[in-house]
Amino acid sequence: MSRGCLVDMTKCIGCRACQVACKQWNELPAERTTFFSGYGGYQNPPNLSADTFTLLGYTEVGEGDNLKWVFSKRQCMHCLDPACHSACPVEAFEVTPEGGIVYHGEKCMGCRYCMMACPFGIPTFEWGKTIPYIRKCTYCMDRQTGEQSEGELNGQPMAAEERARHTEGQQMPACAKTCPTGAIQFGERSELIAEARSRMAASPGKYVDHIYGEHEVGGTSWLYISAVPFEQVGFPSTEKIGTRPYPEYTAAALGSVPYVVIAGGAVLGGLYWLYQRKKENGEAVHEFEHTEREV
C-alpha cells in the first residue's frame, strides 16, 4: 500500500520546523534571500529552489476583521502517476512502492522535460553549477527504507524491541517527524483519507469540503485539508490541473502515432508508385517518339 502525508492546515502554526528539518536532513545550504511580500504569500525564501525542498507559505486571507493567516506547506506532491516520470526519456525518475518519486542524477541528461511536465511546477534546476542536476523533495526515502537506530540510547545498548520501536518511529519524512503540532501525519494513504474525512465530519464548517491531493492529477501522496479554499493560498485549482493522470494524455497522443505512421507510409507509398508509373510511361513515350524520328 502507498504511504502518504496528511497536512491539516488548521493545525499549522507557521513555525517552519518542517522547513528546518528538511534542510538539516538533506544537508541543504542556506539561501541569501530578501523578504518576499506579494501574491502567493510572505514566505522567505519566496519559492522552492535547488536548495529548498520544503517551503512554508504565509498567506493573509479574508477582509477587515475576518483577516487571518493561513500557513501552507509546499514540496513535491509525489503523484501516484507522475508526469515527470512519464516525460523523462532516460527514466531518471523512479516510482517507489512507498509512493515516493526518487530522482537518479546519474541517469539525467539535463533535458528538463520534467520541469515542463510537472503540473505543480516543482522540479528545479541547479542553474549555478557546472554539472547541474534536477532537485526536489526526496520524500525522505532514505529515512523510510533505512535503519535509523544506531543501537544505543543515551549511551546504553537498546533491547531488540526498543530498537525496533525506535526505528519505526524514525522511518518517516523528517518534516512529519519534527512537526510540533501534529499538522503533518504520516501513514497509509487510504487511512489518511479516511482520517481526513473523519475530521471534516466531526467539525462541520471548520474545513472546506475537499481533500486536496485525493483526486488531483490522478492522486498524490501528499494530502491536504484546509479551512479556506486551496486556490486562495496558491494551490493550482482542480479545474485547472484536472483529476486525470497526465501520463494518460501522453499515452492517448502517442497511441495514435503507429496508425498515423502506417497511414502516412501508405499514402507516401501510393504517391511513389504513381510517380514511378508516370515516369515509366513518360520514358516509354519518349522512346517511341525517338524511334519514329529514326524511321
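Me: In this predicted model, which residue of β10 does Arg3 stand opposite?

Reply: Arg3 stands opposite Glu188 in β10. The general idea is that strands of a sheet pair through backbone hydrogen bonds, in parallel or antiparallel fashion. Here β1, residues 3–8, and β10, residues 184–188, are joined by 5 bridges and run antiparallel.

Me: How many bridges join β1 to β11, and do the two strands run parallel or antiparallel?

Reply: β1 and β11 (residues 222–225) run parallel, with 4 bridges between them. Two positions illustrate the pairing: Cys5 stands opposite Trp222 in β11, and Leu6 has Leu223 of β11 as its bridge partner.

Me: What is the order of the strands in the sheet?

Reply: The order is β10-β1-β11, an open sheet of 3 strands with mixed pairing. Because β10 and β11 stand at the edges and each has a single partner strand, one side of each is left without a neighbour in the sheet. From one strand to the next, the twist averages 25 degrees.

Me: Is β1 mostly covered or mostly exposed, and how many of its residues are buried?

Reply: Strand β1 is mostly covered, with 5 of its 6 residues buried. For the protein chain as a whole, buried residues make up 40% of the 295 residues.

Me: Which helix lies across β1, β10 and β11?

Reply: That helix is α7, residues 189–202, and α7 runs at about 130 degrees to β10. In total, the protein chain has 10 helices and 11 strands.

Methods. Residues are numbered from 1 along each chain as its sequence is written. This is a predicted model: local features need pLDDT of at least 70, side-chain atom pairs count only at pLDDT 80 or more; totals for chains, interfaces and linings use all residues. Side-chain values use heavy atoms; hydrogens and water are left out. Buried means under 20% relative accessible area, exposed over 50%, partly exposed in between (1.4 Å probe, protein chains only). Two strands pair if DSSP finds at least two bridges between them. Axes are lines fitted to C-alpha atoms, for helices over the stretch in contact, and angles run from 0 to 180 degrees between N-to-C directions. Contact means heavy atoms within 4.5 Å.
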